[in-house]
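Please look over the sequence and the structure before reading the points below.

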Amino acid sequence: MRPLSCVNCCHNPLQLGRAGTDFGYCTRHLVVLPRPESTTCGQLFRKDLSRSSAVEERALHQHHYRCDRISQVVSPKVDAAKVGLVEKTNGFFERDVVLEEVLSYAQYDTNISTMAALRRVEGARAEIAMLSLSRGYLANCYDQQGPWWAGLHLAFWTLQRLDTEPVFAASELHGPMRSVAETTAVAKWRVLAFRLYLLVDVSDEARSQSSRDPITRFTALADEALSAGSPTRPEKVLAKLRSSRTRWMKALSKEHYARLRNKIRRLASPKIVQDWQGLVPGREKSVSAKPELLTSVQRGLTRRGEK
Amino acid sequence: MSRRFKVPTTLYRGDSSEAVSVPNPHAKANIVAHILYLGSYGRETQYTSTSENEEDAEHFAGGGGAVWRALVAEATRAGAIHLSKQQLLGMLKGFGMGRAKWTNRAQVQEAHANVVEWNEHLFDWENVTSGIDQVIAGVFSKRSKLSKGSRRKQ
């Protein structure tokens, strides 16, 4: 039942398949998961599915598992906290950059600035955390009918390194391995797929909001790329991404990104602009907001899915 | 020259300590849907997932579970169709083939990745038209899960 567990949930950004830490952390319930393959909850947002399928699966999942607590995956009625499967954070691992940013996101609502910080950290584990948090963040935005361009920065950043090979440190792969080469290949493939799922999430949402933006081409491009090579041959997927780079960049070029960013700045609230302006060097002036345009944008960019 | 893969004689499954989950031979589930566990908890399937690697089964057994083992020959005599890891990898390409034919290529690839990572084999019980509970109980025998400490000492 591992696909149903916290290991496979975007709200646990510390793992992806065999990559990452042995323990997990839930950014919804704010707890450490010593055995994330044994736990789950109704807020499961699966890493191995694009958003449309993940939302369908989450709806089915909620028939069996509560959203307000973590349960044992094999026994939905068992509270995971009562059987020692969750722990409170106690300030351990303070020197781990990735974990620090994840805790900051969960506890201090740092949102986009956390993703921006993780983007600057080298290594696959930081990228996995960034992509995981990004997909969870976008899922929350879109669930609340937020605009598709809530994922604009995240999509653009992911696009910049779409065809770079994921790099794993020796300590970043765990679990029993019959073949290190095969495990590493699959881990690389999973990161590439994870990048593509984020782009597909934004693309599908743009299409569902009847946008004619070229970003809607991402879905077809992603499907083409993932079909180019099997999980044991990630180099073929990379080769396909590199050969189709021009088509990807046409869908969201730097110029188009800048135009969209300016448009968003005119529409968005001061708080949101302030959050984003911190990421754009030299743009410290605040922009006056138009209250009548703000409601849907603010709703869409609220961090948590409180209902 | 094609590479010959040795078919394992014993397969392992991590499951609860009481019993192996009983499949539904009439389910007609798709292989991709089974491997990805689509449909959430309690979804119907005629397949039983196993691994050729005992350590993988231990991982799935978790803290409170157990490792069960089955002899491939015994399972096939009892009516199971054995789908080996190599057969599954052959089916899980493109849009999938046969019982793995699926509408979403990315999900076929995800299933492929899972089979590789966990050295997965499947038993298909669709031919067992009655008494599936007794058949499963007869085919799978429990072996004690080694503690992490004793595993490391070895």
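A salt bridge is taken here as a side-chain nitrogen of Lys or Arg lying within 4 Å of a carboxyl oxygen of Asp or Glu. The model is predicted, and under that criterion a search of the whole structure finds 26 salt bridges over all chains. One of them joins Arg195(A) to Glu127(A), with 2.5 Å between the closest N and O atoms, and this pair links distant parts of the chain, since Arg195(A) belongs to helix α6 of chain A and Glu127(A), 68 residues apart from it, to helix α4 (residues 124-143) of chain A.

**Interface between chain A and chain B**

- The interface brings 35 residues of chain A into contact with 29 residues of chain B, and about 2800 Å² is buried between chain A and chain B, 54% of it on carbon and sulfur atoms.
- Five salt bridges are counted between chain A and chain B, and in one salt bridge the side chain of Arg190(A) meets that of Glu117(B) at 3.0 Å, N to O.
- Polar contacts between chain A and chain B amount to 16 residue pairs, with both residues at pLDDT 80 or more.
- On the side of chain A that touches chain B, at least two residues come from each of α1 (51-61), α6 (180-208) and α7 (218-226) of chain A, and α6(A) gives the most, with six residues.
- Sorted by class, the side of chain A that touches chain B comprises 16 nonpolar, eight polar and 11 charged residues.

**Packing of α5(A) against α6(A)**

- Helix α5 (residues 152-160) of chain A and α6(A) have axes that come within 10 Å and cross at roughly 145°, and the crossing in which α5(A) passes α6(A) is left-handed.
- From α5(A), the contact draws on Leu154(A), Ala155(A), Thr158(A) and Leu159(A), while α6(A) provides Arg195(A), Leu198(A), Leu199(A) and Val202(A).
- The residues in the contact of α5(A) with α6(A) comprise six nonpolar, one polar and one charged.
- Arg195(A), listed in this helix contact, is also the residue that forms the salt bridge with Glu127(A).

Methods: Residues are numbered from 1 along each chain as its sequence is written. Chains are lettered from A and ligands numbered from 1 in the order in which they are written. This is a predicted model: local features need pLDDT of at least 70, side-chain atom pairs count only at pLDDT 80 or more; totals for chains, interfaces and linings use all residues. Side-chain values use heavy atoms; hydrogens and water are left out. Contact means heavy atoms within 4.5 Å. Buried area is the accessible area (1.4 Å probe) that two parts lose on being put together, summed over both. A polar contact is a pair of N or O atoms within 3.5 Å; within protein, one must be able to donate a hydrogen and the other to accept it, and residues adjacent in sequence count only if both atoms are side-chain atoms. Helices (H or I, at least four residues) and strands (E, at least two) are DSSP runs, numbered from the N terminus. Ala, Val, Leu, Ile, Met, Phe, Trp, Tyr, Cys and Pro count as nonpolar, Asp, Glu, Lys and Arg as charged, and the others, Gly among them, as polar. Axes are lines fitted to C-alpha atoms, for helices over the stretch in contact, and angles run from 0 to 180 degrees between N-to-C directions. A crossing is left-handed if the near helix is turned anticlockwise from the far one by less than a right angle, and right-handed if clockwise.
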